[in-house]
Amino acid sequence: MKLTTDALIIRENNAVGESDRFVTALTRSNGIVQASVRGARNIKNRNGSATQLLCYSRLSLYKGREKYIVDDAEPLQVFFEVRGQLDKLALAQYFCELAGVLAPREEEAETELRLLLNGLHYLSEGTRPLWLIKAVVELRLLCRAGYMPAVEYCAGCGCVDVDGFSPSKGVLLCSRCSQGGDVLPLTPNGLAAFRHIVYAPFEKCFAFSLPEAEGQAFGNVVERFLLTQLNRSFQTLEFYHSLV
Ligand SMILES: [Zn+2]
């Protein structure tokens with residue numbers, strides 16, 4: 001079976017064969033796909049550059065019984081600005097690793113793909129702080145994958161006077177209900193940001209701001225929520241933290 005779809009290359013492995021490349025792609029029509037690109041490392045191969053990490057490309061794929069083969073790859077966008085700065089590149093690689101874990105397989109993944117492309121766009125553009133781009137990508141991917149936090153009122157008593165978030169339960173708590181539990185403090189601005197990312201229409205999800213220190217603290221709450229819920233670590237995230 002042959003199919004054509006747009007995809008972001010989220011992982012590139014050149015340690016196969018002499019000239020082949022093995023890639024993982026986040027495709028619009030089929031979600032996460034693993035495919036081999038024959039001869040991609042030959043200098044004259046036209047599919048080589050379009051199947052590199054962080055390339056957004058139109059792929060023509062043959063679907064075999066067990067794996068996909070890239071027949072043709074045409075680059076649509078290459079995020080050069082991201083590649084040029086180590087902290088941005090590290091964050092972009094973390095987004096790719098995260099999508100590889102959270103995006104669907106053999107199902108359309110239009111929203112996940114748009115989210116990553118938007119994240120890379122803002123990383124390139126440099127108009128949004130890194131903590132903001134990171135928190136939006138993390139939280140929206142989590143929501144899509146079924147880890148939506150409850151960010152309306154206190155999960156213990158139902159009051160709206162909340163000032164903490166439990167990363168293990170994924171709920172808000174007020175000061176009376178959070179005694180002794182695993183709860184991270186959340187400022188009113190942090191709470192507003194949380195609600196914005198979870199509930200805003202897609203086009204607006206990156207459109208908010210917080211003072212830098214408050215934003216960093218909010219970003220840490222989102223990261224703790226993600227790591228606690230997924231119960232694993234990410235090499236790319238650890239590398240990012242070693243830089244910033
Ligand atoms: Zn309460």
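1. Which domains does the domain assignment of the chain give? The assignment, which comes from an automatic or database source for its bounds, gives domain 1 (2-78) and domain 2 (81-243). Please keep in mind that this is a predicted model, in which local features need pLDDT of at least 70 and side-chain atom pairs count only at pLDDT 80 or more, while totals for chains, interfaces and linings use all residues. Residues are numbered from 1 along each chain as its sequence is written.

2. The C-alpha centres of the two domains lie 29 Å apart, and 13 residues of domain 1 are in contact with 19 residues of domain 2, where contact requires that the C-beta atoms, placed from the backbone, lie within 7 Å. On the side of domain 1 that touches domain 2, the elements giving two or more residues are β1 (2-13), β2 (21-27) and β3 (31-37), strands being DSSP runs of E with at least two residues and helices runs of H or I with at least four, numbered from the N terminus.

3. Turning to a pair of helices, the axes of α4 (residues 130-144) and α6 (residues 212-230) come within 9 Å and cross at roughly 30 degrees; axes are lines fitted to C-alpha atoms, for helices over the stretch in contact, and angles run from 0 to 180 degrees between N-to-C directions. The helices α4 and α6 are therefore roughly parallel to each other, a term for angles under 35 degrees.

4. Among the residues that meet in this pair are W131, L132 and L139 of α4, and F218, V222 and L226 of α6.

Terms used
Parallel < 35°, antiparallel > 145°, perpendicular 65-115°, else oblique. Contact = placed C-beta atoms within 7 Å.
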